[in-house]
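Please read the following account alongside the model, beginning with a pair of packed helices and ending at a metal site.

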Amino acid sequence: MQNTLFFINYKALQSILILIFMFAPVNSYSHSAKNHVEEEINVYSGRKGKLIEPMLEKFENKTGIKVNLITAKSDALIKRMESEGESSPADLFITVDVGRLDRAKKMGLLQKINSFSIINKLPQNYIDKDREWIGISKRIRTVVISKKMKDKNDLKNFEDLANNQWTGRICVRSSNNIYNQSLVASMIANHGEQKTESTIKEIVKNFARKPSGNDRAQITAISKGECDIAIVNHYYYLLMLNSKDEEKRKAANQTEVIFLNQDNRGAHVNISGLGIPKHAKNYENAIQLISFMLEIEAQEWYAKTNNEFPVVNGAKVSKLLSEWGSIKLDESTLKKLGDLNPNAVKLMDRVGWQ
Ligand code: FE
């Protein structure tokens, strides 16, 4: 029995070898005709599909490069790239917040974006000093206040939130959120660590409640009378204001947005952005996709879809945002926020920002 099996296997092996021999020339032919192989790009996105899919589809139609999209939480994608190592299929990493992009860079997960046409399209403040990440849209972290608030004229700068006038009136999410970490990092960039610590310490004393929930939950808390001031990203306010959900619209309608630090450094600005993963197998396709995302039409669509501001000069802001007029932004410190992130995290911990 054993012998028979061996015999069959041997015969099978012989047939396989003959087959391989027969088809060998065909295989090498298809390898040499590389331009017939379908071009593709694997995109890891921390942004939701609906915020990028239509743009990726246009790119596919224009270039014939097939886009494979994987969406997940940004931090999970960072972990995934880290564990995949050299075998990672990721060719482009899209996420939000400069702090997170810089973290991916410091973990050695990104590589240089080697394209002058990309670099020349962007204002310098929105390009990493080593060109490992770039911004693709801008968002402002600011405050939304109750329309009933009588003393709103006393609130001009983020630093004003440290005054005891606001005791028990501020709502904000927790310190483990990257948006807050980058906001505090921007304070450190502007004032140094010591001054920032004493300011943030006072602001924390003014919190209305233990930080919990996302940015939208802070706006809802104002409508419920739990606080007067919510620290949020501007687009969440617009999202709620234009929501299909009547409850959310009602809540947002009881509030208004204020842009801070307009007479000095400008409002805190952050980005959604991207980088090319270290082990990208389709680097040139990634360069093509990035270039496409920086074209005026794509910029305007991408920014408008999440009520954000385009980064490329010449791309127009949406009608909704243009109603706010021109807003002064604190752009010059953006590149430093990644380096200052650990300092911000420790500082928030020291002052008891939960
Ligand atoms: Fe967000």
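Helix α6 passes helix α7 in a right-handed crossing, a crossing being right-handed if the near helix is turned clockwise from the far one by less than a right angle, and left-handed if anticlockwise. The contact, meaning heavy atoms within 4.5 Å, is made by Val184, Met187, Ile188 and His191 of α6 and by Glu193, Lys195, Thr196, Thr199 and Ile200 of α7.

This is a predicted model, in which local features need pLDDT of at least 70, side-chain atom pairs count only at pLDDT 80 or more, and totals for chains, interfaces and linings use all residues. Residues are numbered from 1 along each chain as its sequence is written, and side-chain values use heavy atoms, with hydrogens and water left out.

The iron ion is coordinated at 2.0 to 2.1 Å by the OH atoms of Tyr179, Tyr235 and Tyr236, where donors are N, O and S atoms within 2.8 Å of the metal (3.2 Å for Na, K and Ca), and because water is not among the atoms, the site may look incomplete. Tyr179 lies in helix α6 (residues 178–191) and Tyr236 in helix α9 (residues 234–241), so the pair ties together parts that are 57 residues apart in sequence; helices here are DSSP runs of H or I with at least four residues, numbered from the N terminus.

Tyr179 counts as buried at 10% relative accessibility, and Tyr236 is buried too, with a relative accessible area of 13%, the term meaning under 20% relative accessible area with a 1.4 Å probe and protein chains only.

Note on methods:
Helices (H or I, at least four residues) and strands (E, at least two) are DSSP runs, numbered from the N terminus. Buried means under 20% relative accessible area, exposed over 50%, partly exposed in between (1.4 Å probe, protein chains only).
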